[in-house]
Amino acid sequence: MLPETTSDDEGMPEQLTRDRPAAGRVTLRTDLRAVLPEAGAAVAVTAAVFVFLYVRVESGDSATVAVMPFMADAGTYWMYLLSQAFGWSALLWAWGTVMLGLLLSGQRPAWLPGSPQVLERWHRTTSLTTMALMFAHALMFAAELVRYEVELAWAERLWVGFADSFVPGWYDSGTGQIAIPIGQGALYLAVPLGLLFYVRHRIGANTWRRLHRFVIVVYVLSVWHTLLYGTNVWYGEWPRTVLWLLQLPVAVLLVLRLTRPARRAERLTRAGWGQGGRSLPRWTLRAAGRVAAGAVVLGLIAVVASGHDGGRERPAVTPSTAPHAPEGE
Ligand code: HEM
């Protein structure tokens with residue numbers, strides 16, 4: 001989730017960025033220091049979402065409780081609600097850092113305030129915060145499972161909580177069999193793709209750049225996981241519509257990023273097509289990417305306008321089954 005071109009290595013030959021002395025280089029340590037105020041904001045946002053979710057459970061308005069009636073006691077299931085809250089702040093931060101990354105790697109729009117250096121630093125710190133929030137979301141889910149499994153011995157409780165949350169393919173109930181590995185995929189991809197930035201002087205700026213662009217996959221997996229599994233967006237009501245709508249600016253920026261890339265080498269030119277040979281497959285891939293991104297924008301507009309957003313109908317009577325009830329429910 002870091003910028004593909006950073007102002008400190010823009011335009012430099014790979015050999016130079018690889019050998020650059022450490023003095024002027026951004027390190028993980030300096031970014032971890034810079035992230036602290038923002039981490040405070042992330043905690044505040046998570047706390048606000050937690051209170052919102054808690055109050056909705058207490059008032060009986062919670063969609064989570066409509067889906068899983070046994071969760072009507074917010075005091076007992078507070079860790080589950082905190083996990084949900086971390087999930088939302090993680091998604092919000094992921095949205096922000098992806099938007100910043102797309103803005104930075106495309107041609108800079110005239111209206112964009114702030115120097116590239118400041119925006120890049122924000123992109124790096126929001127990316128670190130996103131990883132921490134994603135981890136906290138999964139960790140609170142694990143904690144809730146550990147709390148719940150009172151009948152098991154401690155070692156087994158800890159193992160169940162850990163394995164169900166962090167081992168792909170372990171969770172074996174309902175939609176979670178697909179949705180949890182998707183979330184884990186997002187988390188496990190985010191960490192290397194984000195942190196490789198700090199060793200790009202070793203792997204080379206080009207290698208890092210090529211790998212880093214796959215970070216969009218992390219974002220797509222995160223949104224997919226939420227749409228598939230989030231009980232607060234389970235029904236075809238306004239929260240689900242808002243979630244879909246928020247993807248529109250990301251898709252539009254992706255189109256702009258692909259059609260107007262900051263790096264000249266990535267632009268589609270007639271000459272690139274005319275050269276044929278080795279550059280032709282790359283040209284075709286880039287053209288296909290632009291068409292696919294345009295199709296995503298149209299698809300999102302169609303989903304929001306038609307209301308066919310994959311949301312279920314809220315039942316008049318509460319269902320007897322749950323998508324991801326803890327074991328034994
Ligand atoms: C190890 C990885 C992950 C695990 C075990 C996990 C687990 C879960 C579970 C069990 C739920 C259902 C909660 C509910 O009832 O709504 C959920 C929902 C959710 N997850 Fe994850 N997740 C993981 C990764 C992620 C990632 C990477 C993101 C994105 C940034 C994310 C964002 C969300 C959001 C926004 C919800 C909706 C919560 C709600 O409906 O209130 N998750 N996740």
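This is a predicted model: local features need pLDDT of at least 70, side-chain atom pairs count only at pLDDT 80 or more; totals for chains, interfaces and linings use all residues.
Which hand does the crossing of α8 and α11 have, left or right? The crossing is left-handed.

**The α8 and α11 pair**

The axes of α8 and α11 cross at roughly 155° and come within 8 Å of each other. An angle over 145° counts as roughly antiparallel, and α8 and α11 are therefore roughly antiparallel to each other. On the α8 side, the contact is made by G176, I178, A179, I182, G183, G185, A186, L189, A190 and L193. Facing them from α11 are V215, V217, V218, L221, S222, W224, H225, L228 and Y229. Sorted by class, the contact of α8 with α11 has 14 nonpolar and 5 polar residues, with no charged ones.

**Two more helix pairs**

Two packed helices are described by the angle between their axes and the distance between the axes. Here are those values for the pairs discussed in this report.

| Helix pair | Angle | Axis distance |
|---|---|---|
| α5 and α6 | about 160° | 7 Å apart |
| α8 and α11 | roughly 155° | within 8 Å |
| α6 and α7 | about 145° | 8 Å apart |

Helix α5 spans residues 78-105 and helix α6 spans residues 116-148. With their axes at about 160°, α5 and α6 are therefore roughly antiparallel to each other. The contact of α5 with α6 has 18 nonpolar, 12 polar and 3 charged residues. As for handedness, α5 passes α6 in a left-handed crossing.

Helix α6 also packs with α7, and here the crossing is right-handed. From α6, the residues A138, F141, A142, A143, L145 and V146 take part in the contact. They meet R157, L158, V160, G161, F162, D164, S165 and F166 of α7. The residues of the α6 and α7 contact divide into 10 nonpolar, 2 polar and 2 charged.

**Around the ligand**

The ligand is surrounded by 27 residues, and the closest are Q84, G87, G183, G230 and N232. Two or more residues each come from α5, α6, α7 (154-166), α8 (176-195) and α11 (215-229). Which element gives the largest share of the shell? That is α5, with 6 residues. By class, the shell has 13 nonpolar and 14 polar residues, and no charged residues.

**Annotated transmembrane regions**

An unreviewed UniProt entry carries the annotation "transmembrane region" for residues 35-57, 77-104, 178-199, 211-230, 242-259 and 287-305. How do the last two of these look in the model? Over residues 242-259 the chain is 100% helix and 0% strand, with the end C-alpha atoms 27 Å apart. Residues 287-305 are likewise 100% helix and 0% strand, and their end C-alpha atoms are 27 Å apart.

Definitions and conventions. Residues are numbered from 1 along each chain as its sequence is written. Axes are lines fitted to C-alpha atoms, for helices over the stretch in contact, and angles run from 0 to 180 degrees between N-to-C directions. Helices (H or I, at least four residues) and strands (E, at least two) are DSSP runs, numbered from the N terminus. Angles under 35 degrees count as roughly parallel, over 145 as roughly antiparallel, 65 to 115 as roughly perpendicular and the rest as oblique. A crossing is left-handed if the near helix is turned anticlockwise from the far one by less than a right angle, and right-handed if clockwise. Ala, Val, Leu, Ile, Met, Phe, Trp, Tyr, Cys and Pro count as nonpolar, Asp, Glu, Lys and Arg as charged, and the others, Gly among them, as polar. A residue is near a molecule or strand if its C-beta atom, placed from the backbone, lies within 6 Å of it. UniProt positions are given in the numbering used here, feature names are shortened, and annotations may be inferred rather than shown by experiment. Two residues are in contact if their C-beta atoms, placed from the backbone, lie within 7 Å.
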